[in-house]
Amino acid sequence: MGKTKKTTKTYIPIEVDGHIFRVNTIPRKDNRYQVSVSMNPKGKGKPYKTAYGKNELELRQNILRLINERGSRGKFETDVKYYLLEKVLPHKSSTYDSAEWIFERYFFPAFKKHNTISITADDVNKLLNGYKNSGYSMSSLKKMYDYLNSFFKYAVEKHIIISNPMDSIKRPTKKNTSSEKRKFAETDYNEKRKERDRLKIEIKKQKEEFNKKGHSEEEKKEIKNKIETLTKKLGEIQEEIKSGPRFRSQSRKYIQEEDLKCILFVLHNGYSPIVKSRTGKEYAMSKYSVNQPEVFEFMLQTGLRAGEMCGLKYSDYNPDKSEIMIETARVNTYDRDKQGKRIKKSAKDSTTKTDTDKVPNNLILNKNAEALLKKMMRDEPEEYLALGREANRGDYIVHSKHTDSEFGKPITTEGLAGRWTRVQKAALISEPLYGLHSIRHTFASYLYHSTHDFKLIARQLRHTDVQLTLNIYADLLPSGTKNYTEIDIYGTDSKESK
């Protein structure tokens, strides 16, 4: 009897994540190919596991899954931390803070224990749809999509996954975002906040009652149980508020003319705070002057963002060209160690990264803005201004008050917003108050009514594209008042033939 010939095995090499694997060219009976993968942390030796796949793509995916299983990389949480450190942190520390917060709040609860490779397009779509149905705003949904898309692109680049699951998911738009659901969610959010405030007041009352003398032990026990019940309920509501979408009180876009007059009056003349005495009578205190009132007028004349204003220095001013250079914005950000762990929060100058071909860093000043800047410079000590000329540091325009022992320190947007709120309250502006960004919008509206030139507005606001300016300020354009059928486009009304 002749011996049956054994089929010789032939192998082809396949590279995955820098490792070479030999794949048998002859498939199994179930038409799948197989390859052995070492599960040793060093990448060689026992123990082994087998990866299967019907085609090369499926085989690569399963090999990667096993490689990721043997090390820390491949876990969603770990990969996100590497992504933030390698891709986000080199650009801006404030962007790192924002991205970290978004991943911790929106994605870690759902994917923290998952491997990156096991997250599918269906998983992501389900999560985003859940947030959309909960009433999250379009801007929040877009941020979620963009950060997740950027992360998965990084994962593909690092060979953690083969393909990006976000490729098959559409970016959220106004058309696929329900405003009705958002309104319902906002109403629910406001009701929960009211209930939270009510519970806090009730707990405070019960604690005061508990501390009163004359209660028996049984009455004290009853009050204590009531406080515990209310505290538990308060914790549940606070958790619901924290986990759901957040709704900020909407500030008005443009400062009304009458409100602007009142604000300017307070800036020029100061104010006298109205306080109540113990008997309930109201009386005015001695007059207060606003700290650096010219700052807000300067913002009204230039349309600067709050962060840009806080980061601006006197040394950025070029008197020969009547312009200022905008290169930094002052922001609050976390100091971090090499592993990206938070150490403490501090104010820093963050470089404004813009396309200088489209958005020049220089901003031309009008005569009123330049006069305000010169006045502020005259009011500063010469030694303070010299700091900027000598060492390119220290001569911030917006700062705290100078003292005999030291110069004022630069403030952040939060500090500037506090000043702006006090000015508005002194001017008796009704709620809701105007945000700092309303100053920028007001500048744009007055500039439009003076020039009707959107290209100039885009240049002064330092927008990358005129279309962006038109999208934001389309409400300034006059609405059509004539009936279209009555409009003579070319001024050639047809005359009745005689």
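This is a predicted model: local features need pLDDT of at least 70, side-chain atom pairs count only at pLDDT 80 or more; totals for chains, interfaces and linings use all residues.
I'll start with helix H14, residues 437-451. H14 has 15 residues, and from its first C-alpha to its last it reaches 21 Å, close to the 21 Å expected at 1.5 Å a residue. Its buried residues are Ser438, Ile439, Arg440, His441, Thr442, Phe443, Ala444, Ser445, Leu447 and Tyr448. What do these buried residues pack against? The partners are helix H9 (294-302), helix H13 (413-426), helix H15 (454-461) and helix H16 (466-472). Just after H14 comes His452, with a positive phi of about 55°.

Next is H15. Its N-terminal end is capped by Asp453, where a side-chain oxygen lies 3.0 Å from the backbone nitrogen of Lys455. In H15, the buried residues are Phe454, Ile457, Ala458, Gln460 and Leu461. Looking down the axis of H15, these buried residues fall within an arc of 165°, so they line one face of the helix. Just after H15, Arg462 takes a positive phi of about 60°.

Now the cores. The largest nonpolar core has 42 residues, and the members that touch the most others are Phe296, Phe298, Met309, Ile324, Leu373 and Leu416. At least two residues of this core come from each of H8, H9, helix H10 (306-311), helix H11 (367-379), helix H12 (382-391) and H13. Which helix gives the most? That is H9, with five residues. To take one member, Met309 is in contact with Val295, Phe298, Met299, Leu304, Ile397, Val398 and Leu416, leaving aside its neighbours within four places in sequence. There is also a second, separate core of 35 residues, which includes Tyr83, Tyr96, Phe108 and Ile161.

A few single residues remain. Asp259 is in helix H8, residues 257-269. Is Asp259 buried or exposed? Asp259 counts as buried because its relative accessible area is 16%, and the cut-off for buried is under 20%. Beyond its neighbours within four places in sequence, Asp259 is in contact with Arg252, Ile429 and Tyr434.

Cys262 counts as partly exposed, at 34% relative accessibility, whereas Cys310 counts as buried, at 0%. The count of disulfides comes to zero.

Notes: Residues are numbered from 1 along each chain as its sequence is written. Side-chain values use heavy atoms; hydrogens and water are left out. Helices (H or I, at least four residues) and strands (E, at least two) are DSSP runs, numbered from the N terminus. The expected span of a helix is 1.5 Å times one less than its number of residues. Buried means under 20% relative accessible area, exposed over 50%, partly exposed in between (1.4 Å probe, protein chains only). Contact means heavy atoms within 4.5 Å. A disulfide is a pair of cysteine sulfur atoms within 2.5 Å. The arc is that of the directions from the helix axis to the C-beta atoms. A polar contact is a pair of N or O atoms within 3.5 Å; within protein, one must be able to donate a hydrogen and the other to accept it, and residues adjacent in sequence count only if both atoms are side-chain atoms. A nonpolar core is a set of buried Ala, Val, Leu, Ile, Met, Phe, Trp, Tyr and Cys residues joined through side-chain atoms within 4.5 Å.
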